Amino acid sequence: MMQEIFGTILEDILYIALLFLIGYLLAKLFYRAYKGEAIWSKKGKCFGKVEMKIYKLMGIDPNENMTAKRYVTSLLLFSLISFVVLYLMLLLQNLFLFNPEGYKGMSWHLAYNTAASFVSNTNWQSYTGETTLGYFSQMMGLTVQNFVSGAVGISALYALIRGFTNREDRRVGNFYVDITKLSIYVMLPLCFFGALILISQGVPQTFNGSVSYESLNGISNKIYLGPAASQIIIKQLFTNGGGFYGTNSAYPLENPTPFSNLIESLSLIAIPLSLCFVFGKAVMEKKQGTALLKAMTILFVLALVLCTVSEYMYNINVKGIAGFGNLEGKEVRFGVGGSALWATATTSVSNGSVNSMHDSFTPIGGMVPIFLMMLGEVVYGGVGCGLYGMIGFAILTVFIAGLMVGRTPEYIGKKISSFDMKMVCLVILPPVLCMLIGTAATVLLPNVNEWVNATNSGTAHAFSEILYAFVSQSANNGSAFAGFTADTPWTNMVGGSIMLFVRFVPMVAIIFLAESLGKKKITPKSDGTLSTTNNMFVFLLIAVIFLIGALSFLPALALGPIAESVSFGTVNLLL
């Protein structure tokens, strides 16, 4: 047991070290994309002609510098068209080629939920991928949205960064140029080589249909193949998370080897972490990005330790004997440590892929992923949206500090006005409201007990399953406690609407915040300026994040995982 725990500690340390190294290297690519510089060659000839043809085809002037209103209009129109096209594709997938299993179209409400899920970068799935979707829907529908929805999130972050760097200039960039450069210069090359790595490990990439076999006990079954590797790498890198297969990265064909597990788990956080370096470099004060990264990493390590300890203490606390921890719902090849690491990583960012069953975690171990999502997934967070969410908390922190000392709050040389704080509230509050309102409305339905596992009906764990579902959708995550049946008209329509609302309301607010900041002069630092780069500010930022989480979610957690832990007999040792 001690040997395994020691190995887990080394694994976690190595993981974090590799994460920072990869994040630092990726930051160079994303910074060049932000600046509009050539990436893979000195003059950018490699993809330059392709880029210009895309602009010509779309009728876009790449030299246009948009106002917030124009940027938001372009972003919303692009996302609306993406939603409609994907919805029709899922509804009518039986009409398309590359459907060797002959799958029919989705129901109207499941198609709505899935389209909303992938356009919002949530990738919540109320279905099993390999038994529901044909290859055309997987490639041209879901994989395409994996690219563009992530690019939309980073584009909003780029607009916010321009707000900090502009001097009396309300323009925030060109939305179409941002998503095009991100897609063709950064993500396509990364995903091409990443997919080759996964293929080398045994992940399928084929148009062949399923393979039938007969098990040792004489039962006929199928092994589903398909163009999996190309979707898996992008859904990890761009924090999408929707699996090609129903059991996601716990499935041997989606995650066959220890090396593929390492590559996929590193991909979860690498880009969100790298954007902190980009932010610091872009505002010409690297310590600003480092301070946010410190806060994220401290929260991540605390969550990782709590989740891992909870899962390892299962045998000792509950059974009263030494053992190997809680292995229920976990792949033995990944073990308790590897499963806890992935669960913490995937819910600290808005990814949602899994290599174990979160529903089988101990009450406190399962509470950690829930609480990370409740924080708005700012602990690294999604691509773009995680960092601009953390910046929103940073602005809230300097505002609170300014009130305490009676001074006009400033952040990175920009004075924070009442309009700015309204936009920050629109970034922080919508996910909080949707998590709680969605859960409350669902548990009040008369037939809700039919949607949870019969053995859990009426228990605290049943409440945790429902809470997890709406927290996941409100946090643009996509993971789930699998005991909750989500493929119903109510959950699909309410959940889909929540995913769209919490994705685009904060995003629109961020872009208008960027315009507001950009119109202002940069205020020189003085003796009374609050430092936003020292350790005191880092811990004040963490305190504000915890304060928001505690005030908003403690009652819900008390009804779910905490109550379950009390009945489980472990709360006295783990809380």
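Leaving aside its neighbours within four places in sequence, which residues is Asn492 in contact with? A few notes follow, starting there.

1. Before anything else: this is a predicted model, where local features need pLDDT of at least 70, side-chain atom pairs count only at pLDDT 80 or more, and totals for chains, interfaces and linings use all residues. Residues are numbered from 1 along each chain as its sequence is written, and side-chain values use heavy atoms, with hydrogens and water left out.

2. Back to Asn492. With those sequence neighbours within four places set aside, Asn492 is in contact with His109, Leu110, Tyr112, Asn113, Ser126, Ala486 and Asp487 (contact means heavy atoms within 4.5 Å). Asn492 belongs to helix H16, residues 489–518; helices here are DSSP runs of H or I with at least four residues, numbered from the N terminus. Its relative accessibility is 0%, so Asn492 counts as buried (buried is under 20% relative accessible area, exposed over 50%, partly exposed in between, with a 1.4 Å probe and protein chains only). The side chains of Asn492 and His109 are joined by a polar contact of 2.8 Å. That term means a pair of N or O atoms within 3.5 Å; within protein, one must be able to donate a hydrogen and the other to accept it, and residues adjacent in sequence count only if both atoms are side-chain atoms.

3. Have a look at H13, residues 385–405. From first C-alpha to last, its 21 residues reach 30 Å, close to the 30 Å expected at 1.5 Å a residue (1.5 Å times one less than the number of residues). Since 16 of those 21 residues are buried, H13 is largely enclosed by the rest of the structure. Gly406 comes next, with a positive phi near 70 degrees.

4. No disulfides to draw: the structure holds zero, a disulfide being a pair of cysteine sulfur atoms within 2.5 Å. For Cys425, the nearest cysteine sulfur is that of Cys434, 15 Å away. Cys425 is partly exposed at 36% relative accessibility, whereas Cys434 is buried at 11%.

5. On aromatics, there are 18 pairs, counted for rings of Phe, Tyr and Trp (its six-membered ring) with centres within 6.5 Å; planes under 30 degrees apart are stacked, over 60 edge-to-face, the rest tilted. Phe371 and Phe546 make a stacked pair, 6.0 Å centre to centre with 20 degrees between the planes. Phe371 lies in H12 and Phe546 in H17, 175 residues apart, so to speak linking distant parts of the chain.

Terms used. Helices (H or I, at least four residues) and strands (E, at least two) are DSSP runs, numbered from the N terminus.
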